[in-house]
Amino acid sequence: MDNASWRVLAASVRKLDRSPRGGRFTFTDADIVLTFLWAVLHRRPTSWACRRDAWPLWRRGRLPSPSRMSRRLRTTSVQALLAAAEAENLVSASGALVLALDGKALRVASHSGDRTATFGAWGLRGYKLHAICDLAGSIVSWRLTPMHCHEAVMAKRMMRDMELNGYVLADSNYDSVKLYELCACKGGQLVVPRKDCRVGRGVRRSGTHPDRRRAIDMLEQSMTGFGRGLLSLRRVIERVFARLEMTHHVGLIPPHVRGIERVRRWIQAIIILDRHTQAMKR
């Protein structure tokens, strides 16, 4: 992110700040949030962003201390400002015809003392980022859980707060009747391939949701290839994760970020930076 983009982001955060000026706080909530975002942008600890030499010459003013940052980041007003900054460039899911969802593993070292990090598939330890994005590559909803949490369960929790208006694409990990039911209630059609062990078998006419039978027909019976072509659009979520990996290296959580609350705040800052970057490109 260049200086011009950062100045636009800083102005946007300060515009969203509703904290009173003056009073007992020397630094506003915007000052705390921008210092935290600067540290996340450079993949450094928050204490690094509290040093004057960590900033360019045009920002060599007073900076909060590391202890002040630690206290203020836990306050309700700062957390509300982070949420408002995250929602600033949010794209509504109700207007998207096609959405894609998936999960990405966020690893920590196996010998780490992080008590909230758990083991998942392939012996990886850490957390998992669950995300839903549109075809433009904008993340419309996300959740962070320990590694062992099932992706279909978190997909249901994300969809409960959304209004769907088209197709939702995912891989075979999301082949769940309850997820089909919820997606249909929200006005969408889930398109998920069956697991390899089920491909080629018949489908029960009773006890199977009609949307699941429709998805199986689209992917396995259709002669037009529409279903398979539609499912290929699911790769957009893989490109989103690849973008986050290239720009912020989210696949490996830095050693100074431990504990699920700190990891969630770190991911939230990355989402803010990513949405701002994508909004500047549009």
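# A tour around strand S3

Start by selecting strand S1 (residues 98–107) together with strand S3, for these two run antiparallel and are joined by nine bridges; helices (H or I, at least four residues) and strands (E, at least two) are DSSP runs, numbered from the N terminus, and two strands pair if DSSP finds at least two bridges between them. The model you are viewing is predicted, so that local features need pLDDT of at least 70 and side-chain atom pairs count only at pLDDT 80 or more, whereas totals for chains, interfaces and linings use all residues. Residues are numbered from 1 along each chain as its sequence is written, and side-chain values use heavy atoms, with hydrogens and water left out.

Within this pairing, click on Gly 103, whose bridge partner in S3 is His 130. Next, colour the whole of S3 (residues 125–134): ten of its ten residues are buried, so the strand is largely enclosed by the rest of the structure. Here buried means under 20% relative accessible area, exposed means over 50%, and partly exposed is in between (1.4 Å probe, protein chains only).

In the hairpin of S2 and S3, with five residues between the strands, Trp 122 takes a positive phi near 60°.

Strand S4 (residues 139–146) comes next, running antiparallel to S3 and joined to it by seven bridges, and in S4 the partner of Cys 133 is Ile 139. The hairpin of S3 and S4 has four residues between the strands, and there Gly 137 takes a positive phi near 85°.

While S4 is selected, zoom in on Thr 145, which lies in this strand and is buried, with a relative accessible area of 5%. Its side chain makes a polar contact with the side chain of His 130 (2.8 Å); a polar contact is a pair of N or O atoms within 3.5 Å, where, within protein, one must be able to donate a hydrogen and the other to accept it, and residues adjacent in sequence count only if both atoms are side-chain atoms.

Move on to helix H10 (residues 235–248), whose 14 residues should span 20 Å at 1.5 Å a residue, and whose end C-alpha atoms are 20 Å apart, which agrees; the expected span is 1.5 Å times one less than the number of residues. Which residues of H10 are buried? They are Val 236, Ile 237, Val 240, Phe 241, Arg 243, Leu 244 and His 248. Seen down the axis of H10, its buried residues fall within an arc of 155°, so they line one face of the helix, the arc being that of the directions from the helix axis to the C-beta atoms. On the other side of H10, Arg 235, Arg 239 and Met 246 are exposed. The buried residues of H10 pack against helix H2 (29–41), S1, S3, S4 and helix H11 (260–281), where contact means heavy atoms within 4.5 Å.

Finally, show the largest nonpolar core, which has 55 residues, those with the most contacts inside it being Trp 6, Tyr 127 and Ile 267. H2 gives the most to this core, with ten residues. A nonpolar core is a set of buried Ala, Val, Leu, Ile, Met, Phe, Trp, Tyr and Cys residues joined through side-chain atoms within 4.5 Å.
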